[in-house]
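Thanks for coming. I have one structure for today, so let me put it on the screen.

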Amino acid sequence: MKNCLRACFFILLFFWVGPLSAVQPAVTSASVYLADQQDSDGIWRRSMDTMLLDSYAAVMALRQCPDAESNPALWRGTAGLLLALAECPSWEENLLSALVTAAAAGRATPALFQQWFDVTQGGWSMEIGARADLVATVLVQELLLDLSNWDEHLDPPEVQASASYLLSTMTQDGWWRLGGRSSPGDFRLSCRIAGVLAELSNRGLVALPALSSVSSELGDRIAQHWQSEGGRGYYDAAVALRTLCRLGRWQDARPIYTVLRDGQDLDGGWRDFPEMTDDIQTTAVAMTAMAAFQLTTPSVSPDLFVTADGVTVRQRRQLRVGDFDR
């Protein structure tokens, strides 16, 4: 953990305080909410059990926002995460420690997670030497895509293999299952996997013949499922929104965007359950989804293309002094 402490020192050394520029109001107020919920040591803790997960989610959400580098809550959070990991040596063999360290550093490559890669199955695992699992693979892929710090032209073999692994684990009903649960219970997991596959394809990082048709079918399935069983909660709404944005399904994404926009609490957060005093992870994922929609919605501009047949060239008319009196 000496490297964590060294990295923490440099983060504090380059700490810069500055105002957030004008961005989407929902994203700005969510950023303020996360800052208000942050402890003095830079950590977010709904409970001790969720301390690392809450803080990891908050830091990643803050990183996705415009002018993230000028947000003091982000720098306090990254320093706090690294210090928290230094105090938890038992986490060194857990994938979460590598994810948190990368999130704090703001830099990640597939090589950082090599110890947790299952060459046989082609995905990542939560523990060194364990078999690949869907959750670990999605967590690594989401982090790599969000930080985008590897050379996209190198086509890392782990990324290609993990995409094949995700496709191979899809069930016949078109969803992904976890722990034997039925497909509706895996809506959140399926959305996240669909979003990863779509973004890998968008960036040209994978070349799988079936991926294009699979992505189209997933978009249809997610949109239809949301229309028939909407109101599953703000967390699921946010995951679905970001996935549909990555799939380019703007018409399907817009009503979900409206649900999230209208469901934001006055303090800037989102809560899946009214009785919760705070909900860091739901706020973080909703904030990320809203930022993605704002930043990637295609702009609407007039079509100024005019054919030559539609242009009339008029002769220049010489003005006379008397013309100005008319």
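This is a predicted model: local features need pLDDT of at least 70, side-chain atom pairs count only at pLDDT 80 or more; totals for chains, interfaces and linings use all residues.

Let me take its neighbours one at a time.

Start with helix 6, residues 134-147. Helix 6 and helix 8 pack at an angle of about 45°, and their axes are 10 Å apart. That angle makes the two helices oblique to each other. Their crossing is left-handed. On the helix 6 side, the contact is made by Leu134, Val138, Leu139, Gln141, Glu142 and Leu145. Those meet Leu189, Arg192, Ile193, Val196, Glu199 and Leu200 of helix 8. By class, this contact has eight nonpolar residues, one polar and three charged.

From helix 7 we have Val159, Ala163, Leu166 and Leu167, and they meet Ile193, Val196, Leu197 and Leu200 in helix 8. The contact of helix 7 with helix 8 has eight nonpolar residues, with no polar and no charged ones.

Then helix 9, residues 211-229. Helix 9 packs against helix 8 at about 145°, with the axes 10 Å apart. This crossing is left-handed too. Helix 8 contributes Phe187, Cys191, Ala194, Leu197, Ala198 and Ser201, while helix 9 contributes Leu211, Ser215, Leu218, Ile222 and His225. The classes here are eight nonpolar, three polar and no charged residues.

Now the pocket. How much space lies in the largest pocket? About 990 Å³. Its lining takes in 38 residues, and those nearest the centre are Leu139, Glu142, Arg188, Arg192 and Tyr235.

Which elements give two or more residues to the lining? They are helix 3 (51-63), helix 5 (95-105), helix 6, helix 8, helix 10 (234-246) and helix 12 (280-296). Helix 8 gives the largest share, seven residues. By class, the lining has 22 nonpolar, six polar and ten charged residues.

Conventions: Residues are numbered from 1 along each chain as its sequence is written. Side-chain values use heavy atoms; hydrogens and water are left out. Contact means heavy atoms within 4.5 Å. Helices (H or I, at least four residues) and strands (E, at least two) are DSSP runs, numbered from the N terminus. Ala, Val, Leu, Ile, Met, Phe, Trp, Tyr, Cys and Pro count as nonpolar, Asp, Glu, Lys and Arg as charged, and the others, Gly among them, as polar. On a 1 Å grid over the protein atoms alone, a cavity is a set of points where a 1.4 Å probe fits but cannot get out, and a pocket is an open set with protein on both sides within 12 Å along at least five of seven lines; lining residues have an atom within 4 Å of a point. Grid points are joined across faces, edges and corners, and a volume is the space filled by probe spheres set on the points. Axes are lines fitted to C-alpha atoms, for helices over the stretch in contact, and angles run from 0 to 180 degrees between N-to-C directions. A crossing is left-handed if the near helix is turned anticlockwise from the far one by less than a right angle, and right-handed if clockwise. Angles under 35 degrees count as roughly parallel, over 145 as roughly antiparallel, 65 to 115 as roughly perpendicular and the rest as oblique.
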